[in-house]
Structures are given as C-alpha cells and as structure tokens.
Amino acid sequence: MPRFNDVAWFEIGTDDPAAAERFYGEVFGWQTGQDETASTSPAYRVIDTGGSRGGLFTGTENYAIFSVLVEDVDAACRKVEAAGGRVQRPPAVNPVGVTFAHLLDPAGNHFSVFTPPS
C-alpha cells in the first residue's frame, strides 16, 4: 500500500476508450479491465501497469493526471488553496467510498487527491 502523500493512482480520461486501451497496451503492455472495487461505473475501467494501477475514464474530456493518497481530502484542498492552487472539482465520494477532489497547482496543472474507503 502506498504511503500518505505518495502518488498512488493515475487517471486517463478519454473520449475514445478503445483507442486508449489499444495505445497503452501496445506501447507499454498495460492491461485494462473492469474492477468493481475501484468503481461500479462501466465508464471507469482499471489499468494495471504491472507495477501500479490507475483508471481509464470514458467521457468527453481528454486528460492524464496523477493522484496523491492523503489522510484528509478536505484538509488537502485547504492546503492547496493556501499555497496558491485552486480546487477544480470539490471533494466527492464515489459509489465505492473513495473520497477525491480534483485540483490545480499555481501553474494550472491538474492533479487529484484521494482517500480510500474506511
């Protein structure tokens, strides 16, 4: 299990999930599949790199972000704002109990923070 404040997840958003799965599979050998412990949504599939895991989200926005495991998502959002960043998507809880928020650093780089279900 990753430690707090480590990059512990990544997410790739795509409007063409089949192409993304094919690309990352061909280039890096990554495997993608449904994992109900990560998300019950069919739009969210889990990527296994062989060394770490991340998510492949089907939507209208194309992006790639890293996610940091934190002890408290609300506290992390306050720290980000105090340090000059901003909250792009406020804290939310997904159907499997993961609390997360999407943030921007002062330069506008997108990343997220999360805590696993209790």
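These legends walk through close-up views of a predicted model.

Local features are described where pLDDT is at least 70, side-chain atom pairs count only at pLDDT 80 or more, and totals for chains, interfaces and linings use all residues. Residues are numbered from 1 along each chain as its sequence is written, and side-chain values use heavy atoms, with hydrogens and water left out.

**View 1. The sheet has eight strands and is open.**
Reading across, the strand order is S2-S3-S4-S1-S5-S8-S7-S6, with mixed pairing. Strands (E, at least two residues) and helices (H or I, at least four residues) are DSSP runs, numbered from the N terminus, and two strands pair if DSSP finds at least two bridges between them. At the edges stand strand S2 (31–33) and strand S6 (86–93); each has a single partner strand, so one side of each is left without a neighbour in the sheet. From one strand to the next, the twist averages 25°. Helix H1 (residues 17–28) packs on this sheet and touches strand S1 (7–14), S2, S3 and S4, where contact means heavy atoms within 4.5 Å. The direction of H1 makes about 150° with that of S4; axes are lines fitted to C-alpha atoms, for helices over the stretch in contact, and angles run from 0 to 180 degrees between N-to-C directions.

**View 2. Strand S8 (residues 110–115) is largely enclosed.**

**View 3. S8 pairs with strand S5 (residues 63–69) and with strand S7 (residues 99–104).**
Strands of a sheet pair through backbone hydrogen bonds, either parallel or antiparallel. The S5 pairing is parallel, over three bridges, whereas the S7 pairing is antiparallel, over six bridges. Look for phenylalanine 114: it is the bridge partner of leucine 69 and also of phenylalanine 100. Alanine 101 stands opposite valine 113 in S8. The hairpin of S7 and S8 has five residues between the strands, and there glycine 108 takes a positive phi near 95°.

**View 4. Aromatic rings pair up in this model.**
How many aromatic pairs does a search of the whole structure find? There are seven, a pair being rings of Phe, Tyr and Trp (its six-membered ring) whose centres lie within 6.5 Å; planes under 30 degrees apart count as stacked, over 60 as edge-to-face and the rest as tilted. Phenylalanine 28 and tryptophan 30 are stacked, at 5.0 Å centre to centre with 25° between the planes. The rings of tyrosine 44 and phenylalanine 57 sit with centres 6.3 Å apart and planes at 50°, so this pair is tilted. Because tyrosine 44 lies in strand S3 (residues 44–48) and phenylalanine 57 in strand S4 (residues 53–58), the pair ties together parts that are 13 residues apart in sequence. Tyrosine 44 is buried at 11% relative accessibility, while phenylalanine 57 is partly exposed at 32%. One aromatic cluster is made up of Phe10, Phe23, Tyr24, Phe28 and Trp30.

**View 5. The structure holds three salt bridges.**
Side chains of opposite charge can pair when their charged atoms come close. The cut-off for a salt bridge is a side-chain nitrogen of Lys or Arg within 4 Å of a carboxyl oxygen of Asp or Glu. Arginine 3 meets aspartate 6 at 3.5 Å, N to O; arginine 3 is exposed, at 60% relative accessible area, and aspartate 6 is partly exposed, at 24%.

Arginine 45 and glutamate 21 meet at 2.9 Å, N to O. Arginine 45 is partly exposed at 24%, and glutamate 21 is partly exposed at 24%. Aspartate 35 meets arginine 53 at 2.8 Å, N to O. Aspartate 35 is buried at 17% relative accessibility, whereas arginine 53 is partly exposed at 34%.

Definitions and conventions:
Buried means under 20% relative accessible area, exposed over 50%, partly exposed in between (1.4 Å probe, protein chains only).
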